[in-house]
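Subject: Structure for you to look at

Hello,

Here is the structure I said I would pass on. My notes on it follow below.

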Amino acid sequence: MADEPGAEQPKYLQIADALKEAIELGDTYGPGDRLPGESLLAQQYAVSPMTARRALRMLASQGLAESRKGAGFFVQAFQPIRRRGIQRLARDQWGSGKSIWAADENRPLDVDHVTVEELIPPAHIQRMLELGEGEAACARSRRYMLDRRPVMVATSYLPYSLVAGSAITQADTGPGGVYARLADLGHAPVHFREEVRCLLPTSKEAAALAMSLERPVLKICRTAFAADQRVVEVNEMTLDSASYVLDYEFDA
């Protein structure tokens, strides 16, 4: 069996691993550099062009390379976003009118799709928000872009009775975003919990993020608590794993 300890890997994986190592070292191939073509790889490794092509596609599915029609495969030039999981949620950030995204990047994220609606949320969201039967939530769905590349889709759920009539029910929530508006309403978040999982995307998620079904996504579920321990927001995020580095820095 190929997956048994000591078993030799298929040729296409050996080629992909060798190219991946060269890309990560950065000595041979840098961002935007063209990778060897199928014919050259086939000759170098004594394999068929189809096997070489499979290796290159493997790199593309991992987010390390991109295919350009008629030109071949190139090292991915996109620089991943460094998501600073602690700094971005500090009250000093959103409380001063800054976007939480400003803690991550100097490159501005664009939101190319926003919907805000009143609805009955999924059952697990109802439980997390402690909503009664038939009680509505405000659902804010967004898609985030960087350098014209989709990097994340997210939906925030908040108790509608809590935010009705506020800017949270509008597409533009104003300086500081949702958390600053919750503070205006007297329900500022004072504690957050984030759960992170790594899964393969659904076809809908892959289409929204313009990515391969073979590349995992990062699933982050953030729960925001007010001072009275009430859950005021549940935010479900789906991130292209090739577009992010999760950065957590804190004192011992």
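**Lys219 and its surroundings**

The side chains of Lys219 and Glu205 are joined by a polar contact of 2.3 Å. Please keep in mind that this is a predicted model.

Lys219 lies in strand β8, which covers residues 217-226. With a relative accessibility of 24%, Lys219 counts as partly exposed. Leaving aside residues up to four places away in sequence, Lys219 touches Glu195, Val196, Arg197, Leu199, Glu205, Met237 and Thr238. As for Gln14, 205 residues from Lys219 along the chain, the C-alpha atoms of the two are separated by 29 Å.

**The sheet**

Strand β8 belongs to an open sheet of six strands, in the order β4-β5-β6-β9-β8-β7, with antiparallel pairing. The edges are β4 (110-119) and β7 (189-199), each of which pairs on one side only. Neighbouring strands of the sheet are turned against each other by 15° on average, direction ignored.

Between β7 and β8 the antiparallel pairing runs over 10 bridges. Arg193 has its bridge partner in β8, namely Thr223.

Helix α7 packs on this sheet and touches β5 (137-146), β6 (149-159), β7, β8 and β9 (231-240). The direction of α7 makes about 150° with that of β7.

**Helix α7**

How far is α7 enclosed by the rest of the structure? Largely, because six of the eight residues of the helix (residues 177-184) are buried. The buried residues in α7 are Gly177, Val178, Tyr179, Ala180, Arg181 and Leu182. Just after the helix, Gly186 takes a positive phi of about 85°.

Regards

Terms used: Residues numbered from 1 in each chain as written. Predicted model: local features only at pLDDT ≥ 70, side-chain atom pairs only at ≥ 80, totals over all residues. Heavy atoms only, no water. Buried < 20%, exposed > 50% of the residue type's maximum accessible area, 1.4 Å probe, protein only. Helix = DSSP H or I, 4+ residues; strand = E, 2+ residues; numbered from the N terminus. Contact = heavy atoms within 4.5 Å. Polar contact = N/O pair within 3.5 Å; in protein donor to acceptor, adjacent residues only side chain to side chain. Pairing = 2+ DSSP bridges. Axes fitted to C-alpha atoms, helices over the stretch in contact; angles between N-to-C directions.
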